[in-house]
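The exercises below are meant to be worked with the sequence and the model side by side. Try each task before reading its solution.

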Amino acid sequence: MTTHETTDGDREATARTDDGEWRIILNPVSGSGDHAERVESLAAERGYTVERTEGSGDAIEFARRAGEEGARRVAACGGDGTVHNVAEGLARADALDDVTFGVVPGGTGNDFAANVGVRSVEHAFELLETGERRRIDLGVADDELFTNSCIAGLTAQTSSQTSSDMKEQFGTLAYVAAGLKTVREFEPLHVELEAKNDAESQSTTWSGEALCILVGNARRFTDGGGQANVEDGLFEVTVVQDMPTSKMLTEAAVQQFIGRDTENVTQMTGSEFHVSGREGKDIEFSLDGEIREHRELTMHVRERALELVVGPDYEPAP
Ligand SMILES: Nc1ncnc2c1ncn2[C@@H]1O[C@H](COP(=O)(O)OP(=O)(O)OP(=O)(O)O)[C@@H](O)[C@H]1O
């Protein structure tokens, strides 16, 4: 039994069905699809419950049900999309405050797991028992949660084709340049952007033609300290302005050399971020790799909204 504070201060008792064990929502087709049996057997040894998804909406539904049934420990096993969907399902059940969240990497990129120091399936199982718990920020894009990042533009289409190693090794511009090579035609985004920092009543605006907009909550984009701090209540936003590919490759080299951003790359931070297209067309956004379309989008940070099991290498702002 736990109690919840209601808005008018009354304490409301809620029956919960916590049995103290983990409930793992498993995407059996993520990554190379060879993790499911291993995960099920590790879970069975420990008496954890595994729920296998059978279709694309299942992870959200299973997580929502877990939240409604009062599960206290819920883990997502899959890639970034699975983590995204499980967090979203818990939010829909209004259960984020009541749950400890775990990540078992079983996807292709596993960016989120890597960012929070979870190295492998076996490592994840060790951590579920003994790992440190931290409260991390979540992003909200209109009504949908994201854990890692919200990306618009070129990289929204290509992020799934570029490994996270590559992003880390070569930095944002090289990553974007690599994206350009894989897409024959790409129209830059004509956008107006505004980042607001509520705590400091500051706002930064940008308008122009962007190749991509990277809004990071936890994701590592550049090797020069460009990772968003996942506990500071702020997004780290990187905007890459449209420029010829040849220039981009030169800038990528410069960026690599000086370790910070260049003329055509703008950085902003804020607890709120607004993107609006100037051409009345929908813009494709990748929320943790899940593609959505919006004509405009408002994002805000839910500061320290989720208790997460992290690995020993975890640092909020490496
Ligand atoms: N049983 C299933 N059958 C088909 N699709 C599924 C199933 N379960 C989940 N999905 C879909 O799989 C996608 C999530 O894949 P996920 O991102 O976790 O793996 P990945 O793409 O291999 O890894 P990463 O995003 O880390 O590179 C979601 O879009 C989800 O809807």
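**Exercise 1.** In the loop between which two strands does Asp-142 lie?

Solution. The model is a predicted one, in which local features need pLDDT of at least 70, side-chain atom pairs count only at pLDDT 80 or more, and totals for chains, interfaces and linings use all residues. Residues are numbered from 1 along each chain as its sequence is written. Helices (H or I, at least four residues) and strands (E, at least two) are DSSP runs, numbered from the N terminus. With these terms, Asp-142 is placed in the loop that runs between strand E7 (132-141) and strand E8 (144-146). Next, look at the backbone: the phi of Asp-142 is positive, about 55°, although the residue is not a glycine. Most residues other than glycine have a negative phi.

**Exercise 2.** Find the loop that holds Asp-288, and decide whether Asp-288 is buried or exposed.

Solution. Begin with the position, which is the loop between strand E15 (283-287) and strand E16 (290-294). Asp-288, too, has a positive phi, near 55°. For the second part, a residue is buried if 20 or more other C-beta atoms lie within 10 Å of its own, exposed if 12 or fewer, and partly exposed in between, with C-beta atoms placed from the backbone. Asp-288 has 29 other C-beta atoms within 10 Å, and therefore counts as buried. Asp-142, by contrast, counts as partly exposed because it has 13 C-beta neighbours inside 10 Å.

**Exercise 3.** Describe the shell of residues around the ligand, and say which helix gives the largest share.

Solution. A residue is near a molecule if its C-beta atom, placed from the backbone, lies within 6 Å of it. There are 22 residues around the ligand, of which Ser-30, Ser-56, Gly-79, Gly-81 and Gly-107 come nearest. Two or more residues of the shell are given by each of helix H2 (58-68) and helix H3 (80-92), and the largest share, 3 residues, comes from H3.

**Exercise 4.** Why is H3 described as largely enclosed by the rest of the structure?

Solution. Count the buried residues: 12 of the 13 residues of H3 are buried, so the helix is largely enclosed. Among them are Asp-80, His-84, Glu-88 and Leu-90. Just after H3, Asp-94 takes a positive phi of about 55°.

**Exercise 5.** How many helices and strands does the chain have?

Solution. The chain has 8 helices and 17 strands, and 45% of its 318 residues count as buried.
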